Amino acid sequence: MGFRPFVFRLARLHQLHGWVKNRPGGVLLEAQGEESGISAFLTALESEAPPLADITALKSEEISPCREDGFVILASSEEGGDAQISPDCDVCPDCLRELFDPSDRRFRYPFINCTNCGPRYSIITGVPYDRPRTTMAPFTMCPDCLAEYRDPAQRRFHAQPNACPACGPRLALTDRAGRALETGDSSPLQTAVELLRRGKILAIKGVGGYHLAVHALRDDSVGELRRRKKRDEKPFALMAPSLTAIRGFARLTGSEERLLSGPERPIVLVQKREDNPVSAQVAPANGYFGVMLPSTPLHHLLLRDNFAALVMTSGNLSDEPIAFRDDQALARLSRIADFFLTHDRAIHTRADDSVIRVFQGGPLFLRRSRGYVPRGVALPASQPSVLATGAELKSTVCLTRGDRAFLSQHIGDLKNAATFACLEETVQHLERVLEIRPAIVAHDLHPDYLSTSFAAAIPGLPKVAVQHHHAHMASCMAEHGLEGEVIGVILDGAGYGGDGTVWGGEFLQGGYTEFQRMAHLLPVPLPGGDAAAREPFRMALSWLRAVHGEKVFDLPLPLLAAIPEKERRIYLRMLERRINSPLTSSCGRLFDAVGAIIGLRNRVSYEGQAAIELEALAERATGQSPYPFSIVKGEAGALQLDLRAMVASIAEKALDGTDPCVIARAFHDTLAAAVAEVCELIRAASGTERVVLSGGVFQNRLLSEGVHSSLSRRGFRVLSQRLVPPNDGGIALGQAVIAGRTWKNYL
Ligand code: ZN
Ligand code: ZN
Ligand code: FE
């Protein structure tokens, strides 16, 4: 990533002789010269390193001088075993300056890049990383570009995707049938801008796939995009040209600004301004906008001086993976997009936009993908190579090598056939470019997950089945380099428990090799299994029945009144006899229940919607005193956190007309207090002081903060997930470490 040229320039600056080369394990160099030059060189190596360099350690030793003349970059030694691939990265400041400099030969060239910036992971087809093994292979560099590429003193020395208007990829604007548009005197880009201004929907090829774009301030176009995409309520992401532009419709904190403007260019969830000019249909019933800054030169050209914001949502049909091949994009998106702004540099690996929110000044990943993948996560110890196949809904996979773990990009919901095919492609591609041949396969304990059958079909390797919430816990431990024992507070949607119930509100105690279920939420029936996640009224009914028994329908709650008379008996019988209603301790489903009880909604249009809206309500109220709850000893020896008294209070408050914001807030505050109370009891029994927080429910910032502070106040050391998502997108990391430590038990 431009490190050798950097060393080269630095060595020349300090008049040193010697050489530098890439080697497994990092960069090796020899330098000789004046002592002052050497020491200045060593300091600058770290302090002035290029933005994408990842210096984990700098070791130096003295050797005796030898005859050398000049400083050279040596060819890399061929022995592999430590391939590192960079993530895709936004345009660097130097390239950005050239992009808007009329005297530069790359003025307004949408594919400008250098060793410090540009596409990487998405265009790499094999290793070692050089031009023939990228999707830039078909483009032959012109003499000017070649000269830059060969000149170690230049920023484009060995910049594999180097290109210019004379020799590189080109933009094209087509209609929905793929026919090139006659743009006359204006460029495809200018015409695209004009079309967007007029309210048209454009499919735009980005770095990891296609986006669907419309003018974000035009209600008519945003509404039309919703209609065509068949997406009722799920928020659309925005792209804005600058932080200043974002401040026009959202409130930004310093940490949000830093995350937004980093080279990874994630989508950051930021608080809406009340009086913002963005179409209300962009993120209905949501206190936040998901916003990103431009992540490619094309985006910069598109946005700057043209739009305050564009909707930039993934180019896919509802649950399908994002489209990234041109033919596929045209076939799938032509029903949605009016025009296509595309180009002839292929995307080899798709990568959705990453999504982050800020929690206590640091990142809380909702989705870790473009810009971060395949950056490694340091593990606490070296282990045999593992392939971990993740969960099912927010699928990612993980490969380890030595003490590094590489989490894949977001793959998506495996139940979708196209997504499942991506799982296989992603595994093969990552194994190839990272040069990892796994020795062990890890998967979820759930026998019906498609990631489990995928793992089972891999021949000849030991398989390790990992309990879902143990994997969540280990994921958080691993990213913090923890060893030994912790308390794992795993508040989650659903995971296979292995005891015939669905887990999801768990207090575990243990480490990578073993865990004990110390406590959990009181289990209630999950009526209709998976259907309950789409229809929160089912969980509300289940919880209310747990409180009021058969008399539940006497409660004059609108949610219950909406259930037709003849269905009531069916539901009651279902709950009573547990027909298709396994018991669950799920915390995610508790959020659904509470949302339905206070009248938010009986049905959701996307996963987690009730929880997101409940959090948004709660944020509008100040801290409340908790509702009553109790902690009791369960049958299997584990403690049970019984929240029936809380649910009863919530129903009471909802009936006496208490502000839903206040109820939502008190619910969050009760959970935080109850979690701390349970941890206190576990600590009293085990002495464990460290608590890791994971599970999808911790995407909720208000709850994360509440749990954090209630535990810290009692003297616990609390750790949240910072490098990978607390949801199922981070679970493969935990599976990998657990398998790396326990695989011998499975032989
Ligand atoms: Zn650059
Ligand atoms: Zn050129
Ligand atoms: Fe989970």
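# Metal sites, cores and backbone features

Pro128 is found in the loop between α3 (93-99) and α4 (143-150); helices (H or I, at least four residues) and strands (E, at least two) are DSSP runs, numbered from the N terminus. The model is predicted: local features need pLDDT of at least 70 and side-chain atom pairs count only at pLDDT 80 or more, while totals for chains, interfaces and linings use all residues. Residues are numbered from 1 along each chain as its sequence is written, chains are lettered from A and ligands numbered from 1 in the order in which they are written, and side-chain values use heavy atoms, with hydrogens and water left out.

**Backbone features**

The peptide bond leading from Val127 into Pro128 is cis, with omega near -5°. A cis peptide bond also joins Val373 and Pro374, with omega about 5°. Pro374 is placed in the loop between β14 (362-367) and β15 (376-383). Most residues other than glycine have a negative phi, and most peptide bonds are trans. Glu435, not a glycine, has a positive phi, and Asn580 likewise has a positive value. In terms of accessibility, buried means under 20% relative accessible area, exposed over 50%, and partly exposed in between (1.4 Å probe, protein chains only). Glu435 counts as partly exposed, whereas Asn580 counts as exposed.

| Residue | Phi | Loop between | Relative accessibility |
|---|---|---|---|
| Glu435 | about 50° | α11 (417-433) and β18 (440-444) | 39% |

**Zinc site**

The zinc ion (ligand 1) is coordinated by the SG atoms of Cys92, Cys95, Cys114 and Cys117, at 2.3 to 2.4 Å. Donors are N, O and S atoms within 2.8 Å of the metal (3.2 Å for Na, K and Ca); water is not among the atoms, so sites may look incomplete. The donor residues of the zinc ion follow the spacing C-x2-C-x18-C-x2-C in sequence. Cys92 lies in the loop between β3 (71-73) and α3, and Cys114 in the loop between α3 and α4, so the pair ties together parts that are 22 residues apart in sequence. Cys92 is buried, at 6% relative accessible area, and Cys114 is buried at 0%. The ideal angle for four tetrahedral donors is 109.5 degrees.

**Iron site**

The iron ion (ligand 3) is coordinated by His468 (NE2), His472 (NE2), Asp492 (OD), Asp492 (OD) and Asp728 (OD), at 2.0 to 2.7 Å. The sequence spacing of these donor residues is H-x3-H-x19-D-x235-D. Helix α13 (residues 468-479) holds both His468 and His472, four residues apart, about one turn of the helix. Both histidines, His468 and His472, are buried.

**Domains and cores**

The protein chain is divided into domain 1 (3-73), domain 2 (171-355) and domain 3 (521-689), with bounds from an automatic or database domain assignment. The centres of domain 1 and domain 2, taken over C-alpha atoms, are 43 Å apart.

A nonpolar core is a set of buried Ala, Val, Leu, Ile, Met, Phe, Trp, Tyr and Cys residues joined through side-chain atoms within 4.5 Å. The largest such core has 72 residues, of which Val489, Leu544, Leu560, Leu590 and Leu711 touch the most other members. Helix α21 (residues 660-686) gives the most to this core, with 13 residues. Leaving aside neighbours within four places in sequence, Leu560 is in contact (heavy atoms within 4.5 Å) with Leu541, Leu544, Val552, Phe553, Leu555 and Arg568. A second, separate core of 41 residues includes Ile123, Leu171, Ala192 and Val193.
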